[in-house]
Amino acid sequence: MPAARVATSVRPDPVRARERTLLLLATPALLVIGVLFVWPLLRLLSMSVADGTLVQFEKAALDVLYVTVLWESIEIGLIVTVICLLLAYPVAMWLVQTSRFGFILGMFFLLLPFWTSVLVRTYAWMVLLGRSGVINRALRDLGWIDAPLPLLHNRLGVLIGIVHVMLPYMVIPIYAALLRIDPDLRRAAEGLGAPAWRAFARITLPLSLPGVFAGCALVFVITLGFFITPALLGGGRVMMISMLIEQQVREFLDWNFAAALATVLLVVTLAVYAMLGRLTGGAGHAGR
Amino acid sequence: MTFRITRRAALGAGLAAALPLPAIAQGAVAKPDRIVVNASGGAMANLFRRTYNAEFEKRHGIRVVDTSPVDFGKLRAMVESGNVEWTVTELGGQDFVRAKQMNLLEPLDLSIIDLSRYPAAVRDSHIFPSSVYSTVMAFRTDVFPNGTHPKGWAEFWDVRRFPGPRSLRNHPVDNLEFALLADGVAMDKIYPIDMDRAFAKLDQLRQHVTVWWTTGAQPAQLLVDREVVLASGWNGRFYDIARRGAPVAVEWQGGCAKQNAFGIPRGARHTHWANQFLQVMTTPQLQAVYATELAYPGLHPDTLNFVEESVKPHLPTTPANLEKQFWLGVDWWTDNGQRAQEAWNRWMLRRG
């Protein structure tokens with residue numbers, strides 16, 4: 001980018017032409033976003049106040065049901081994000097340092113789930129985690145447990161299912177951030193006598209924070225909208241806000257209320273996103 | 001572009017001819033190259049292709065394209081945007097009354113669709129009664145052999161005599177009715193539903209229901225996996241796994257019979273052919289094939305005559321089964337569905 005700036009002052013025309021070309025090339029994507037995303041979003045927002053009052057929001061805010069479920073959704077989103085982060089960071093570090101073969105193998109296993117539908121994977125978890133599923137049967141055969149462990153049809157089952165789906169979304173941004181870190185920085189730190197953990201804490205971790213932020217944001221936002229996994233693995237005991245929105249849209253055709261719930265979810269998501277940004281952004285600056 | 005305009009004009013003319021002047025319409029209606037039938041998909045779509053779609057194509061020389069799934073929200077969006085893709089659509093669950101109330105359906109042309117031999121209760125100006133299904137109790141035959149299973153919902157609730165984990169649908173429909181039956185309410189006194197009484201009864205069973213199922217495939221799978229020993233579910237799903245050898249059987253006592261419905265979305269093109277398609281669906285021989293494969297019989301009174309004796313005990317409309325069941329109170333659910341669903345969500349959310 002600085003190189004481009006310098007070029008601007010010397011020979012402005014080709015660069016401006018290049019910018020124009022780039023803008024032109026980006027236009028289809030911008031149009032798609034505008035037409036297929038921004039416009040419907042505005043329609044949605046207007047639908048939530050279609051009665052001319054805020055009565056739909058009043059219902060969403062005052063009814064214990066919706067407040068509780070929204071809170072539970074955020075809680076699940078945060079737990080999933082933390083678990084994914086703890087699991088993904090070591091994987092990403094390993095991917096950066098491993099051999100070419102290890103990298104290909106790791107990426108293969110990481111991306112493999114993307115070719116399987118979420119529904120199939122959810123049913124697979126039911127086979128594994130059930131009362132007489134693979135895990136419980138194995139543990140019983142080993143004599144470690146007498147009664148089957150409650151792994152499914154509760155919050156634990158839902159968390160396992162969602163973490164499994166979301167893990168690649170955390171690994172890949174962190175991997176990309178780690179890859180950009182100049183390995184000489186770490187070598188320099190170690191050469192100056194810093195133990196490995198300090199080199200990690202002072203150099204690797206702060207420099208990887210943009211990737212961590214991107215991963216956390218992706219995982220949290222997508223998790224909030226999860227629908228089929230909690231419905232199937234939660235056995236009905238775990239309710240997420242997207243399930244209630246779906247109910248209003250498809251079953252009761254109460255689109256104004258559904259729009260209000262969706263708007264609340266959007267605002268909460270943006271708020272948490274902003275908080276995350278400030279948290280990691282601040283830390284990132286301190287590290288530089 | 002010109003092709004499009006002329007085609008639309010031709011279609012418009014066809015519609016105009018079909019609606020007010022049935023006498024001319026028969027000969028004059030333009031034939032489209034295809035119609036679109038939207039239904040549940042999966043095993044049902046395969047059977048539709050083999051039965052109704054094939055027969056319609058043979059009779060009228062118009063190709064039938066099938067789409068899925070059934071989606072009430074999409075139906076509303078299509079009708080309101082004036083861009084109706086479906087010629088005919090299935091209407092899920094209890095939605096058909098509301099679809100009519102919300103003016104999302106074209107009236108049926110009963111001069112084309114012959115419902116004269118159908119039961120009077122299911123004949124309607126806008127709603128085509130396609131088949132019957134029932135939410136019934138199913139059990140593992142190895143856990144409850146030789147008729148030792150619960151016979152009715154009072155016994156389903158009796159966890160001391162009939163121990164083991166159970167599964168019910170994560171939805172108020174059926175469950176409120178079953179709870180009232182378990183509490184001693186007579187089948188003809190269920191409606192209007194006393195929700196407080198129903199939820200109080202559900203409280204008693206709550207901790208023994210390990211799974212509240214969401215999709216129709218779940219209860220069958222839960223029984224096969226031994227995840228539960230008793231479950232509610234749609235009769236065709238249990239029929240399917242029992243036929244493939246699973247140790248699962250059905251108790252019809254207290255089952256909740258329901259009508260499956262089809263309709264023509266308002267503003268659909270080719271409504272004449274939509275009505276012709278529904279007329280094909282009244283053919284008892286085809287309904288019998290459908291019933292034999294899925295255990296969801298149509299409502300033409302002759303259908304049972306074309307079904308093998310061995311299949312009859314598995315159909316909800318066999319007289320011996322029908323008298324053990326009650327019909328879902330669609331009107332009550334149309335008026336109270338949203339309120340009941342919110343009460344249900346609240347009840348589910350309570351801990352314990």
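**Notebook: looking through a two-chain predicted model**

I began with chain A: 39% of its 288 residues count as buried, where buried is under 20% relative accessible area, exposed is over 50% and partly exposed is in between (1.4 Å probe, protein chains only). A note on what I am working with: this is a predicted model, local features need pLDDT of at least 70, side-chain atom pairs count only at pLDDT 80 or more, and totals for chains, interfaces and linings use all residues. Residues are numbered from 1 along each chain as its sequence is written, chains are lettered from A and ligands numbered from 1 in the order in which they are written, and side-chain values use heavy atoms, with hydrogens and water left out.

**Chain A, overall**

I counted 13 helices and 0 strands in chain A; helices (H or I, at least four residues) and strands (E, at least two) are DSSP runs, numbered from the N terminus. The C-alpha trace of chain A spans about 65 × 65 × 35 Å along its principal axes. I also checked contacts, meaning heavy atoms within 4.5 Å. Of the contacts in chain A with a separation of 6 or more, 72% are between residues 24 or more positions apart.

**Salt bridges**

I searched the whole structure and got 26 salt bridges over all chains, each being a side-chain nitrogen of Lys or Arg within 4 Å of a carboxyl oxygen of Asp or Glu. In chain A I looked at Glu75(A) and Arg155(A), whose closest N and O atoms are 2.8 Å apart. This pair links distant parts of the chain, with Glu75(A) in helix α4 (residues 64-97) and Arg155(A) in helix α8 (residues 155-180), 80 residues apart. Glu75(A) is partly exposed because its relative accessibility is 26%, and Arg155(A) is partly exposed at 25%.

Asp95(B) is buried at 14% relative accessibility, and Arg98(B) is buried at 15%.

Arg244(B) is exposed at 64% relative accessibility, whereas Asp240(B) is partly exposed at 31%. Back in chain A, salt bridges that share partners join Glu72(A), Glu75(A) and Arg155(A) into one network.

**Where A meets B**

How many residues does each chain put into the contact? Chain A gives 31 residues and chain B gives 36 residues. The area buried between the two chains is about 2,700 Å², and carbon and sulfur atoms give 49% of that; buried area here is the accessible area (1.4 Å probe) that two parts lose on being put together, summed over both. I get 3 salt bridges between chain A and chain B. Asp71(B) forms a salt bridge with Arg250(A), and their closest N and O atoms are 3.9 Å apart.

Most residues other than glycine have a negative phi, and most peptide bonds are trans, so I listed the exceptions. The peptide bond from Ser68(B) to Pro69(B) is cis, with omega near 0°, and Pro69(B) is in the loop between β2 (63-67) and α4 (72-81). Tyr191(B) and Pro192(B) are also joined by a cis peptide bond, with omega about -5°. Pro192(B) is in the loop between α7 (172-182) and α8 (195-205).

For positive phi, I noted Asn146(B) at about 50°, in the loop between β4 (128-140) and α6 (153-157). Asp174(B) has phi near 80° and lies in helix α7.

**A buried serine**

I looked up Ser232(B), in strand β7 (residues 230-234) of chain B. Ser232(B) counts as buried because its relative accessibility is 1%. Leaving out residues up to four places away in sequence, the residues that Ser232(B) touches include Trp153(B), Phe178(B), Trp213(B) and Phe238(B).
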